[in-house]
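User: I have not looked at this one before. Can you walk me through it?
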Amino acid sequence: MTLPHAAGPTDILQGKKLYILTLGCKVNQYESDAMYEAFFAAGAVRGTEKDAEICIINTCSVTNIADRKSRQMINRMRKENPDALIIATGCYVQAKANEARYDRRNREASPDTEIALPEVDLVVGNNRKKDMVRLVSAHLSGRPIEDHVIDINQDPEFEDLRIRMPETHTRSYLKIQDGCNMFCAYCIIPYVRGRIRNKPMDVILEETAMLARSGVKELVLTGINISSYGDIGEFSLADAVCRIHTIPGIERIRLGSLEPRVLTEDFLSRMKELPKVCPHFHLSLQSGCDSILKRMNRKYTTADIDAIVARIRKYYDRPALTADIIVGFPGETEEEFQTTCDTLARIGLYEAHVFPFSRRKGTVADRMEGQLTEAVKKDRVRRLMVQTELQKQAYIQQFAQEPQEVLIEEIVDTPDGPCYRGHTERYILKDIPCEVPDAGMINQIITVRG
């Protein structure tokens, strides 16, 4: 299969300076990188926030804070660069479109979608970033064009975005999946990303091969819910990893966030046979309390979590276990919060990403009684982060006297002098002192002790 080329160079884009500001998740970062490549193929060049002629804000809407930051960045971009063409895309744009549709249904008004973003020249929703070069070219050519936002819940297409040569040759994201069917009580993502869709296997393998040829050593598999890769189509997530493993040049495969249900005996036994797979598992846990998990509409219990963690450790020596945790869910009592703390202490996480619950319009949790104050949520975030930081340091200390393989990603200046910086297979960040830095060391995997 031959990869489709982006739109060829055109007079309208030739030499135009482009800047993309990316907010939110790894999927957004992948999509921004792919948009950069498409624009460069069409003749654009990289610009900065202040001198770009085309500015794209790839927005996020996972929390109210993300919404606010998306609005702030749109406003800042217009203020910093008033003459630029300003385009907003991503989940915040999609959420605004969904709200417009909801409001219209209630007032029985026009069926046309209206999105109130006056600072923006063009809005482009999710699953239409692949059209960005064409849409921007048309806009700059003076051809009338409407905002490009679809009802994503009705779109079964997997958006054909690909990366051939990422900015950094050490690590690259590879988006293999989009959308989510889970509808957890707190989450807006199924509404702004649509139903699950998979990247075809032959495209995954061809993109992986190109990334390997460009020098990428570590591949991070990402998506909105990569655990659902096996829910449609003939291939499972394990199948995808096994086939990626055969591509020469890729030396590490790191899995993105995983739903606990995917970590079965079969999955882990297959992963263990693949030496390129990193012993690092990021779990989408969200809570460590049964009553909260039930209210969240999560389909597992703390007993299931204990069993899954034990299963991972059965196959991997001291794996790095990281997790996403939400505290301050509606009605969460002090006892329920403490239960989550106890669960996380018991399973021995390497690291936790702790978030306060954020109300999202249109979700079940937004309508629940017992909404906690921001002060209570902030305090619980602080307390859990103190606990998990102690766990993190204890985990790292286990390897203090052992040889570890580090993929050198950059050279940094520290108070103690220049260092090579990179991550181990378990995603432990290491700074390696070097008297005379050698740029040729970047993208090399070296063994260090301590």
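Analyst: One term to begin with: a contact means heavy atoms within 4.5 Å. By that rule I54 touches L13, K16, K17, L18, Y19, L85, I87, V136 and L140, leaving out residues up to four places away in sequence. Keep in mind that this is a predicted model.

User: Where does I54 sit, then?
Analyst: I54 belongs to strand β3, which covers residues 54-59.

User: Is I54 buried or exposed?
Analyst: I54 counts as buried because its relative accessible area is 0%, and the cut-off for buried is under 20%.

User: How far is I54 from D342?
Analyst: Their C-alpha atoms are separated by 50 Å. Along the chain, I54 and D342 are 288 residues apart.

User: Ok, step back. How many helices and strands are there?
Analyst: There are 12 helices and 16 strands in the chain.

User: What radius of gyration does the chain have, and what would a compact globule give?
Analyst: The chain has 23 Å. A compact globule of 450 residues would be near 22 Å, so the value agrees with that rule. Taken along the principal axes, the C-alpha atoms fill a box of roughly 65 × 60 × 50 Å.

User: What share of the residues is buried?
Analyst: Of the 450 residues, 54% are buried. The accessible surface comes to about 20000 Å², and carbon and sulfur atoms account for 52% of that.

User: Helices next. What can you say about α1?
Analyst: Helix α1 runs over residues 26-41, 16 residues in total. From first C-alpha to last it reaches 23 Å, close to the 22 Å expected at 1.5 Å a residue.

User: Is α1 mostly covered or mostly open?
Analyst: Mostly covered, with 12 of its 16 residues buried. Among them are V27, Y30, M35, Y36 and F39, but also E31, D33 and E37.

User: What follows α1?
Analyst: G43 follows α1, and its phi is positive, near 105°.

User: Which residue elsewhere touches Y30?
Analyst: K199 is one of them. K199 also touches F158, L161, L174, K175, I176, I204, E207 and Y229, again not counting residues up to four places away in sequence. K199 is in the loop between β7 (197-198) and α6 (201-213).

User: Is that lysine, K199, buried or exposed?
Analyst: K199 counts as buried because its relative accessibility is 2%. The K199 side chain reaches the backbone oxygen of K175 at 3.0 Å.

User: And α12, what span should it have?
Analyst: Helix α12 has 24 residues, 374-397, so at 1.5 Å a residue it should span 34 Å. The end C-alpha atoms are 35 Å apart, which agrees.

User: What do the buried residues of α12 pack against?
Analyst: They pack against β11 (320-327), α11 (334-347) and β12 (351-356). The buried residues of α12 include K377, V381, L384 and Y395.

User: Last topic: which strands pair with β13?
Analyst: β13 (residues 403-414) pairs with β16 (residues 445-449) in the antiparallel sense over 5 bridges. In that pairing, E405 has T447 of β16 as its bridge partner. β13 also pairs with β14 (residues 417-424), antiparallel, over 8 bridges.

User: What joins β13 to β14?
Analyst: A hairpin through 2 residues does. T414 stands opposite G417 in β14.

Note on methods
Residues numbered from 1 in each chain as written. Predicted model: local features only at pLDDT ≥ 70, side-chain atom pairs only at ≥ 80, totals over all residues. Heavy atoms only, no water. Helix = DSSP H or I, 4+ residues; strand = E, 2+ residues; numbered from the N terminus. Expected span 1.5 Å × (residues − 1). Buried < 20%, exposed > 50% of the residue type's maximum accessible area, 1.4 Å probe, protein only. Pairing = 2+ DSSP bridges. Rg over C-alpha atoms; globule rule 2.2 N^0.38 Å. Areas by Shrake-Rupley, 256 points an atom, 1.4 Å probe, with all protein chains shown as cover. Polar contact = N/O pair within 3.5 Å; in protein donor to acceptor, adjacent residues only side chain to side chain.
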